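Hi everyone, thanks for coming. Let me put the sequence and the model up on the screen, and then we can walk through a few parts of it together.

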Amino acid sequence: MASYQIDSGSAVTEDWQAVSLSQEDATSIVTWLERKGLGKYVEKIIEVTDAEQIDDLKLLDGRMVEQVIKDADLKLVSAEKLRLALTELRGNTSPSVHTLVSPSAGYPLIGEAATIEDVTMPSSKLVEECVAICIDRSGSMGTPFKEVTLNVVKGETKSSVAERSRMEAVKGMFYAFRDRVESMGSGTHQLGLIQFDNKVEELLDATSRLDLFETIVDDLKKGGQTAIYSAIISAVNMLAKHYAAETPTDLRILVLTDGQNNTGHTAEEALQAANSIGAVVDAIIVGGTPDANLRRIVTATQGECYQINSLGEGFELLEAEGVVSLRARRGGTEKPPFKKREAVSLGSVAEKSMTQGTSVQRAPLLTADLASKAVVDIASIDDNVSTSSISSKVAKRVLMEIKQVASCSTGC
């Protein structure tokens, strides 16, 4: 199978163009750290640890790891990436290594003694789907959406207009996608995150730890040009680690973009990469200028193409299980056996028709009478109620948004 690699734009490697890795490069500590989303910290980690090869990192125990994080000045998300990467590295070679939960920070530590109650064993649940999500952060993502909201106040309908950038809409949609995945069952899906403008950066490798995305997505900011096809190739690199011809796990690439590809690799290269692992490419187009060849790639990989013109349409889109899950899209059947796709000329492939967000068929309403009943008066939510008992960041964010709705229900 062909190898594709996109540099993350780190301080170590300035050239972001894709390269085919030699065997030596593929096992180097620099490449390994970059693949784990730690490209910007490669020099600091190597300097602090004095590691010359990947195996040297196996010598680090839990306290050493925490010291590396401190001395290399890793931020919270990058620190978690390093902990998880080292846990994976040690776990693959040493059955005696345990992953512990720090009572103070909730972060896994490596290589320390533990009672059996302290050990967090990996889930044995079958991963149904592995999704690499590519978020466009090009300059055009700063274009505003005008959101019109209708409110009924004392029998009178009033409208209000708020502006959100396309980037804000995409962030909101990512969180909605993640939350919808969580609602389908813990551990059934793994999500990875890639951001792209003229450069492509893997922010987090595919994981079922969906809480890890919180800070990463919040920090996304708009950038330069639009390298859609390079992002797809980077997504293939991420998913290739989960690929085997006989795997029952669906591999999917979801591209959230608002524009035309104008830099980087060609559409033909992106299609060839996706076909090499049998990945399905879906696209959610934000706005009215879809990339024609992206739509052809979607057609050739048997994906779907959706279009939204507001954040509200995006949320409506994600109410459909078929948008979030390939298994649901197939009516609940398992992934079909892998079959090598025939090479085609993109020019001969039809552009995938775009389904509007409001036109996606939603899940059937199971209990109609329940939908008409008020569960709670949101205006009665007390601002002094503590959320300390809510362990999920998702739940905290939802509660905060409900309070905001309640606070402006009389005239926003």
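Let's start with helix 6, residues 166–183: at 1.5 Å a residue, its 18 residues should span 26 Å, and the end C-alpha atoms lie 25 Å apart, which agrees. Please keep in mind that this is a predicted model.

How many residues of helix 6 are buried? The count is 14 of 18, so to speak a mostly covered helix. Just after helix 6 comes Gly 185, with a positive phi of about 125 degrees.

Now for the aromatics. Searching the whole structure turns up 3 aromatic pairs. In one of them, the ring centres of Phe 174 and Tyr 175 are 6.0 Å apart with the planes at 70 degrees; planes over 60 degrees apart count as edge-to-face, so that is what we call this pair.

Finally, a word on confidence. The chain has an average pLDDT of 74, and 68% of the residues score at least 70. Helix 10, residues 292–300, has the highest confidence at 96, while strand 1, residues 99–101, has the lowest, at a mean of 30. The pLDDT is also below 50 over residues 383–391, a stretch with 7 contacts in the model beyond near neighbours in sequence. Residues 405–412 are below 50 too, and that stretch has 8 such contacts.

Definitions and conventions: Residues are numbered from 1 along each chain as its sequence is written. This is a predicted model: local features need pLDDT of at least 70, side-chain atom pairs count only at pLDDT 80 or more; totals for chains, interfaces and linings use all residues. Side-chain values use heavy atoms; hydrogens and water are left out. pLDDT is the predictor's confidence in each residue, from 0 to 100. Helices (H or I, at least four residues) and strands (E, at least two) are DSSP runs, numbered from the N terminus. Contact means heavy atoms within 4.5 Å. Rings of Phe, Tyr and Trp (its six-membered ring) pair if their centres lie within 6.5 Å; planes under 30 degrees apart count as stacked, over 60 as edge-to-face and the rest as tilted. The expected span of a helix is 1.5 Å times one less than its number of residues. Buried means under 20% relative accessible area, exposed over 50%, partly exposed in between (1.4 Å probe, protein chains only).
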